[in-house]
Amino acid sequence: MFPNSILGRPPFTPNHQPHNNFFALSPTLYSHQQLIDAQFNFQNTDLSRAVSLQQLTYGNVSPIQTSTSPLFRGRKRLSDEKNLPLDGKRQRFHSPHQEPTIVNHIVPLSGERRYSMPPLFHTHYVPDIVRCVPPFREIPFLEPREITLPEAKDKLSQQILELFEACQQQVSDLKKKELCRTQLQREIQLLFPQSRLFLVGSSLNGFGTRSSDGDLCLVVKEEPVNQKTEARHILTLVHKHFCTRLSGYIERPQLIRAKVPIVKFRDKVSCVEFDLNVNNIVGIRNTFLLRTYAYLENRVRPLVLVIKKWASHHEINDASRGTLSSYSLVLMVLHYLQTLPEPILPSIQKIYPESFSPAIQLHLVHQAPCNVPPYLSKNESNLGDLLLGFLKYYATEFDWNSQMISVREAKAIPRPDGIEWRNKYICVEEPFDGTNTARAVHEKQKFDMIKDQFLKSWHRLKNKRDLNSILPLRAAILKR
């Protein structure tokens, strides 16, 4: 994806040392002013002037390879390539093991406190990358177990399965996102050599569609990062890096200064939209928790997909506009399946606490799904009945005023008294950090719109037993 001109560089000269190698020198104390000066020099350097990166060797371990070949080797898109059909044969739902092996190139951090960028509020900094960074290790993402397609004897269930098979994320879609992640990680490691870039969210949790955006989490250290200061500072450097070095291959990079700041951009080669955050580590953990639920029972993924499509069609699936995020919707579906008279899902955090502990190191969280066997439920409801039941549950049964949705507890629990929960219309507990994932719904008008849509859709679907009565099937399939 990136041309040779970006990385082909003349040798170092004593008077020209770029930012990324400033922190790879021998351990020395640098004053705070020196660090600011170094950062200023980086930001004012013409990045088209290149310098060859020397291999960094750490004791007896292998050096980190800094390639001089193009990082993104995707071909240039032809003007008419936009009109080509999406590649790849559709993956059958009963063969999830066909997903590719995903590799996160990670650099496990040592136990001691360390920075991969100059700390903003510390007087001195010891650049100890030379002493501490182990060689890169490749940790394969374990393939999901094979599960069979649920039976669909009625029209509504058949429609749900048809939508799922047409719209579920394909192997080719995931490969594009993983390629972009791998190659962006190499670029970002020029700025922060110890960092790791994780693909998170719907792309990897089993609930992605063909049109799903990519979510990326840049981890610069194991400790929490102040999102208002450190994260914004890091993303400012990343954004500048994208704008100056990668402008031919990354389109419309924007720095969004939200509660959790992100850089939004579009990869011109894969045409995928990405959101990149810094150290939102809970997103990595809940990605693998949701992935476990996705493959625990064969009705979960089709049900989640049709509900996400329904919510998007009725404009109640957009947290930036004060409605429900996709993450909240997924948790609402899981909660419903946990609270049926004959549950379809358990709380896997209760059954396997050691596999989903917040204390597990990041480079081990991908192992959790393989420790959980399939769940055998006595509930034989078909997909059509489950969709109807979901709409009815939130339209008529769930007490929005006093209850909180908790997948961790597998039940509705009383709302906490904390300030985060006061005056909130919808309360959905984040399974790891206990925050409210539905905090975006802060206007009564939007809340009433959401409740009204649940009620109207339940009545329509109950009377018609046809998915088209609440979601135009053909249009949804074309939209992917």
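1. Two strands are taken to pair if DSSP finds at least two bridges between them, and helices (H or I, at least four residues) and strands (E, at least two) are DSSP runs, numbered from the N terminus. The model is a predicted one, in which local features need pLDDT of at least 70 and side-chain atom pairs count only at pLDDT 80 or more, while totals for chains, interfaces and linings use all residues. Residues are numbered from 1 along each chain as its sequence is written, and side-chain values use heavy atoms, with hydrogens and water left out.

2. Five strands form an open sheet with mixed pairing, in the order β5-β6-β9-β8-β7. Its edges are β5 (196-200) and β7 (250-256), each of which pairs on one side only. Ignoring direction, neighbouring strands of this sheet are turned by 25 degrees against each other on average, where axes are lines fitted to C-alpha atoms (for helices over the stretch in contact) and angles run from 0 to 180 degrees between N-to-C directions.

3. Within this sheet, β8 (residues 262-267) and β9 (residues 272-278) run antiparallel and are joined by five bridges; Lys-264 has Asp-275 in β9 as its bridge partner. Helix α7 (residues 230-245) packs on the sheet and touches β6 (214-219), β7, β8 and β9, its direction making about 160 degrees with that of β7. Helix α8 (residues 282-294) also packs on the sheet, touching β5 and β6, and its direction makes about 40 degrees with that of β5. Contact here means heavy atoms within 4.5 Å.

4. Strand β5 deserves a separate comment. It is largely enclosed by the rest of the structure, because five of its five residues are buried, buried meaning under 20% relative accessible area, exposed over 50%, and partly exposed in between (1.4 Å probe, protein chains only). Arg-196, Phe-198 and Val-200 point one way from β5, and Leu-197 and Leu-199 point the other way. Strand β5 runs antiparallel to β6, with five bridges joining the two, and Leu-197 stands opposite Leu-218 in β6.

5. On the cysteines, a search of the whole structure finds zero disulfides, a disulfide being a pair of cysteine sulfur atoms within 2.5 Å. Cys-217 is buried, with a relative accessible area of 1%, whereas Cys-370 is partly exposed, at 43%.

6. His-366 lies in the loop between α11 (348-351) and α12 (383-397) and is buried, with a relative accessible area of 11%. A polar atom of the His-366 side chain lies 3.3 Å from the backbone oxygen of His-363.

Conventions:
A polar contact is a pair of N or O atoms within 3.5 Å; within protein, one must be able to donate a hydrogen and the other to accept it, and residues adjacent in sequence count only if both atoms are side-chain atoms.
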